[in-house]
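Subject: Structure handover

Hi,

Here is the structure for you to look over. My notes on what turned up follow below it.

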Amino acid sequence: MATTGSPSTYLDAPALSVPDLPTAPLTLEQAIARAIAYSSQISLLRAAEDLALQERRAATDLDDPEFTAAWSDASSDDVQQDWGSQQSTTTTRGRDSSTETQRDTSLVPGESSSVRRTTGQETSKSTSRQYSTDYTSGTSSSDEDAYRLGLRFFVPNPFLLGPRVSARKAQMQAAQSDRLDAERQIANDVHRLFLEVDYQTNDLALASTSVALHDIILKTVRSRAEATGATGADVLKATQGRMQAATQRDRTRLAGAAALRELADLLNVPARALRLDTTTATDIPLNMTLASPDEIEAIALRTREDLMALYWRMRAAEQAYREIRNAGIPWFSHIDASYGEGHQTSSGYETSSGSGTGSSSGSQSSSASGDIRNVGPGGESSPTSVRNEARETSESSTSRRIESGTSTSSDDEDSTEWQVGFMVTVPIFTWFVNHEDDVALAEYKLASAQYAEQARLVSRHIQNAYDEWVEAQREWNTYAATEGPFLSQVRQALKSLEGTIDLTPDEIASVKLEIVNSLRLWREARLNYRKTVLDLERAAGVPIRDLVRPAAAPAADPAPATPSAP
C-alpha cells in the first residue's frame, strides 16, 4: 500500500462512483447541468484549463539563486640549496736597480780611488690566486587557510518575461474557451434530444392511434366482406394500411428509444430509469423576427467560444514570436556576489657558509746604498768604509677561510575580499542567423490561417442555418394558418356526427385517421422549426433570445390537442 504523500498516491486511479439516480423528472436545466457534470470531455478540458492556469502562474516564477561555499587549507615546504665558486688572479711587476761609479779623492790623499754607489730597488713579479666556495641552504614553510561565500542571482529578463506572460494568459483563455464551447455544445445536444424525445413520445401516441384506427377499418371491411358487401381488394387495401401504420409505429418507437438512450448516456443515467419533464424544452417561440445574417455573424465573431479559442491561440503564437525576437536584446544572465577571508602564515630559515684558498709567490727583493772604495792598483786594499744595507725577503703564503651564518623569518598575513560581478549574454548569432523566429513566425501564420478558416466556416454555417430557419418558419406559418383552423373545424364536425347513424365505423375511423396524420405532419413541422432554431443557436454561439429583434412579439402556439384513440 502506498504511503501518504508518495507519488503513487497521486497517480492512483480514482474509484469509480455509482451515479446518483434522479428521483424526480429532470427539467432541461437540470439535465444540462448533469450532462456537463458527468461529461468526460469536460473533465479533460477542465484539467487542461487548470494546466494552463498553472503554466500562467509558473511564467512569473524566478529562478532560485545559487549559493556557494568554499574552504581551503594548504601548506607547503620549500628547501633550497645553492653552490657557488670564484677564482681571482693578481700580478705585480717591480722596478730594476741602477749603479753609479764616482771617483772619490777624499779618502786617501794622493791616491785616486773610485767609489761605486749602487742605489735602487728590484721587485720581482708576484702572482696571487684566490679560490672561494659559497654554500647556501634554506627551508621555508607556508600555511594558508581561507574561506569564500558566494551568491548568484539569475535576473529575470523583462524583454522575455512580458511576452511569455502574455502568451500564457492567451493559452489560458484558449483553454477556457475550449471548455465553454464544449459545454455549449453539450447543452445544445441535450436540448435537441429533449425535443426529440418529446416529439417521439407524442408521435408514438399518434402512431398507436393510427394503428388502432386501421384496426377498426380492417375489422369493418372484413365484416362487410363476410356479408358480401366488400370485395377482396377492399380487404387487401385495409390490411396494407394497417401494416404500414404498424411499421410506422415501430419505427417511431425505435427512434424514440434511440433518442432516450443517447440522452441517458449524456446524463449518466440508465435509460429505463430516466424520466423527463419536457415542458421546459418546448418554450421556443414559434414566430419571431431575428436579426440579419450579417448581424448574427458579427455577434458570432465576438461570442463563439471555438472562434475565441482560435483567436487566443493566435495571440499566444504572436507573443511567442515576440519573445523569440526579444531574445536578441542583451541582458544579464546572472549577477554574482562573494565574500572571502584568508589567513597565511609563512616562516623560514636560511643557512650560508663559505670557504676560500689564496697563494702568493715572488723572487728576492733587495735594496742597498753604500760606497765601495778600492786602493791601489795592485789590488791591495786600503781602509775602506763600506756601507751596505740590504734586505732580502722571500714570502710564500696560503690562507683558508670559513664563514657561516643562519637567519630566521616569520610572517602572518590576513586578507579580506569582496567581489561583485555580472555576466551579460550577447546574442551575436541571434542577430544574424536565427531560425527559431522563423519557426515562431510560421506558427503564428498557421494560427492566423486557422482562425480565418474557422471564421469563414462560421459565416457559412450561420447563413445556412438562417436559410433553414426561414424555410422552417414559413412552413410552420403555413400549417398554423391553414391546417390549424381546418383541423379544429374537422374535429368539431366529427364530434357532432359521431352520434348519428349516417356514418359507419370505418368512415368515422378514416376521418379520424386523416386528422391524426395531419397532426403528425404538424408536429413534425414544429419539431423541424425548433431544430432550426437550435442550429442557429449553435452557429451563432448565443441563445436565440439574443438574436431576436426587440420589436418582435412571439405568437402563441396554436397546437391542437392530440385526439384520443377511439
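Of the protein's 566 residues, 30% count as buried. Please keep in mind that this is a predicted model. The secondary structure comes to 10 helices and nine strands. Take the contacts between residues at least 6 apart in sequence: 88% of them join residues at least 24 apart.

Helix packing around α4

Helix α4 covers residues 158–226.

Start with α3, residues 40–58. α3 and α4 pack at an angle of about 165 degrees, and their axes are 8 Å apart. An angle over 145 degrees counts as roughly antiparallel, so α3 is roughly antiparallel to α4. The crossing of the two is left-handed. On the α3 side, the contact is made by Q41, I42, L45, R46, A48, E49, A52, L53, E55 and R56. On the α4 side, the residues are V165, R168, K169, Q171, M172, A175, Q176, D178, R179, A182, E183 and I186. By class, the contact of α3 with α4 holds 10 nonpolar, three polar and nine charged residues.

Next is α7, residues 305–326. α4 and α7 pack at about 165 degrees, with 8 Å between their axes. These two helices are therefore roughly antiparallel to each other. The crossing of α4 and α7 is left-handed. The contact of α4 with α7 has 12 nonpolar, six polar and 10 charged residues.

Then α2, residues 28–37. α2 and α4 pack at an angle of about 135 degrees, with their axes 9 Å apart. That angle makes α2 oblique to α4. α2 passes α4 in a right-handed crossing. From α2, the contact takes L28, A31, I32, A35 and I36. From α4, it takes E183, I186, A187, V190, H191 and F194. The residues of the contact of α2 with α4 divide into nine nonpolar, one polar and one charged.

E183 and I186 of α4 are listed in the contact with α3. E183 and I186 are also listed in the contact with α2.

Nonpolar cores

The largest nonpolar core has 54 residues. Which of them touch the most other members? They are V190, L263, L267, L290, I296, L536 and L547. The elements giving two or more residues to this core are α2, α3, α4, α5 (232–267), α6 (293–303), α9 (436–497) and α10 (505–540). A second, separate core has 14 residues, including I217, L218, V221 and V490.

Leaving out residues up to four places away in sequence, L290 touches Y466, W469, L536, I544, L547, V548 and R549. Two of these contacts, L536 and L547, are named with L290 among the residues that touch the most other core members. V190 is in that group too, and V190 is part of the α4 side of the contact with α2.

Single residues to look at

N188 sits in helix α4. Is N188 buried or exposed? N188 is buried, because its relative accessible area is 6% and the cut-off for buried is under 20%. Neighbours within four places in sequence aside, N188 is in contact with L534, E537 and R538.

Q173 also lies in helix α4. Q173 has 28% relative accessibility, so this residue counts as partly exposed. The C-alpha atoms of Q173 and R313 are separated by 8.5 Å. Along the chain, Q173 and R313 are 140 residues apart.

S488 is in helix α9. At 38% relative accessibility, S488 counts as partly exposed. Between the C-alpha atoms of S488 and I515 the separation is 9.5 Å. S488 and I515 are 27 residues apart along the chain.

N268 is in the loop between α5 and α6. Phi of N268 is near 60 degrees, a positive value in a residue other than glycine. N268 counts as partly exposed, at 32% relative accessibility.

Best wishes

Definitions and conventions:
Residues numbered from 1 in each chain as written. Predicted model: local features only at pLDDT ≥ 70, side-chain atom pairs only at ≥ 80, totals over all residues. Heavy atoms only, no water. Axes fitted to C-alpha atoms, helices over the stretch in contact; angles between N-to-C directions. Helix = DSSP H or I, 4+ residues; strand = E, 2+ residues; numbered from the N terminus. Parallel < 35°, antiparallel > 145°, perpendicular 65-115°, else oblique. Left-handed = near helix turned anticlockwise from the far one by under 90°. Contact = heavy atoms within 4.5 Å. Nonpolar A, V, L, I, M, F, W, Y, C, P; charged D, E, K, R; others polar. Core = buried A, V, L, I, M, F, W, Y, C linked by side-chain atoms within 4.5 Å. Buried < 20%, exposed > 50% of the residue type's maximum accessible area, 1.4 Å probe, protein only.
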